[in-house]
Amino acid sequence: MGAGLRAATAMAAVLLLTACASQPPVLLQLTPEATAAVELTEVAFFPQTDFQCGPAALATVLHSAGVAADPDVLADQVYVPARQGSLQVELQAATRRAARIPYIIDSSLAALRAELDAGRPVLVLQNLGLGILPAWHYAVVIGIQPGEDRVILRSGTERRRFTPARAFLRSWRLGGSWAMVALRPGELPAVVDRARYLQAVAQAERYLPADARRDAYQAALTRWPGNPVAQFGLAYALQVAGDQHGAEAAYRALIGQYPRHAAAYNNLAEVLSARGCHAQARSAATQALEIAGGDYPGLVDVIKRTLQKVPLQGDEPRCTQALPANRH
Amino acid sequence: MNGRLKEIVVALLIVSMSLVGLPAAGLAAPIGTDTVLQQEQRGELLSRVQEQLARDDLRAQFLARGVSPGEVDARVAALSSEELQMLSLKLDELPAGGDLLAVIGVVFVVLLILELVGVTNIFTKI
């Protein structure tokens with residue numbers, strides 16, 4: 001290191017030190033109403049081994065959501081050896097595989113605090129280095145102490161790591177202010193964005209048992225009555241659970257409100273065919289195909305396959321019975 | 001060939017040809033909520049061919065980066081179609097949270113200086 005560079009470094013250090021010394025507390029500035037300290041002391045601690053802060057942090061939030069999580073098993077699901085780390089979307093994917101819903105919270109201290117107040121620890125991505133020299137790290141926020149102006153993390157090999165609020169917020173912002181909670185099906189996040197929640201559930205639904213799917217969409221319908229995505233999800237959950245009558249009624253109700261819902265027609269066809277009403281099923285699938293041809297070209301192939309699958313038979317006698325009433 | 005044999009051959013052909021059609025029909029499944037959302041948001045889905053290509057590509061990239069062959073399929077399958085595309089394009093650029101001691105060499109020196117002057121917060125007890 002040359003003398004000039006050394007001098008420059010020393011000067012920079014002095015400047016930075018004086019800059020940092022006079023800064024006021026930040027937590028009470030950002031969230032003045034949240035004056036009380038919060039700490040989720042019950043949250044389990046999984047000390048990280050080697051490069052495994054991703055699996056350890058994920059195990060922490062999953063365990064808190066009632067999953068018997070094992071960091072070693074999770075490492076097989078999220079760790080990328082050549083990157084010596086884990087990727088955000090894979091943490092989300094592994095959360096789905098554990099039958100929990102990964103929800104990315106708003107990028108604000110208030111939203112993070114609200115999750116803690118609701119009893120949920122928050123998995124955060126931190127960049128502990130610089131923008132151009134990143135040092136990526138996952139930790140779990142379990143507490144905030146406005147009085148001391150610091151946050152409490154389960155981080156690495158430390159059960160309670162106290163980080164000054166300013167340093168935490170900097171590292172979080174440099175990590176894109178990315179933070180995730182693991183929701184039990186049926187729970188809504190403390191601060192919820194409708195589209196983001198529904199998308200999170202929809203992406204997780206394959207991994208949720210039938211009753212969990214139902215709970216997740218039912219929670220959305222309670223919050224946003226009549227929401228078509230939640231209605232569709234609930235109908236699909238009933239279909240998967242084998243409740244053909246319930247599913248049929250739910251799809252018909254949705255079609256009653258949204259007559260051009262090609263996907264609902266398609267799935268209605270499957271439900272009808274499953275209970276032997278093949279002629280009605282063909283008619284629903286044909287309707288689906290007609291709508292999709294105009295409005296949803298991406299669905300055409302799927303619907304064609306549905307139509308092919310319906311046996312070329314008529315309705316069984318019981319299909320003439322009155323169908324369950326539409327829920328309008 | 002007598003009439004009876006012809007009938008049998010025709011019957012066998014019909015059965016075998018309908019069986020050929022079965023695998024495709026077997027792929028038909030109810031449309032999932034995720035697909036409905038994608039339809040509304042983007043109006044187009046990745047075609048099955050495109051999606052399969054992205055899947056194969058990511059699978060190969062994962063294997064090349066040390067992901068175990070026994071796990072790779074389940075990992076790729078758990079991704080949504082957007083996530084699949086994003087990872088297959090940017091696997092080496094996206095943040096990978098890991099051990100901080102992986103930060104070495106000049107990076108380490110720079111970070112250590114910054115840590116000592118209080119800008120960064122990586123090393124706890126130095």
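Reader: Which residues lie nearest the centre of the largest pocket?
Author: They are V302(A), T35(B), R48(B), E51(B) and R55(B), among 31 lining residues. A pocket is an open set of points on a 1 Å grid over the protein atoms alone, where a 1.4 Å probe fits and protein lies on both sides within 12 Å along at least five of seven lines; lining residues have an atom within 4 Å of a point. The model is predicted: local features need pLDDT of at least 70 and side-chain atom pairs pLDDT 80 or more, while totals for chains, interfaces and linings use all residues. Residues are numbered from 1 along each chain, chains are lettered from A in the order written, and side-chain values use heavy atoms, without hydrogens and water.

Reader: What is the volume of the largest pocket?
Author: The volume is about 1100 Å³, taken as the space filled by probe spheres set on grid points joined across faces, edges and corners.

Reader: Turning to helices, how do α11 and α12 of chain A pack?
Author: The axes of α11 (residues 244-257) and α12 (residues 262-274) of chain A come within 9 Å and cross at roughly 150°. Axes are lines fitted to C-alpha atoms over the stretch in contact, with angles from 0 to 180 degrees between N-to-C directions. Helices are DSSP runs (H or I, at least four residues) numbered from the N terminus.

Reader: Are α11(A) and α12(A) roughly parallel or roughly antiparallel?
Author: α11(A) and α12(A) are therefore roughly antiparallel, a term for angles over 145 degrees.

Reader: Which residues of α11(A) meet α12(A)?
Author: Among them are Y251(A) and L254(A), where meeting means heavy atoms within 4.5 Å.

Reader: And at what angle do α3(A) and α4(A) pack?
Author: They pack at about 120°, with axes 9 Å apart.

How values were computed:
Helices (H or I, at least four residues) and strands (E, at least two) are DSSP runs, numbered from the N terminus. Angles under 35 degrees count as roughly parallel, over 145 as roughly antiparallel, 65 to 115 as roughly perpendicular and the rest as oblique.
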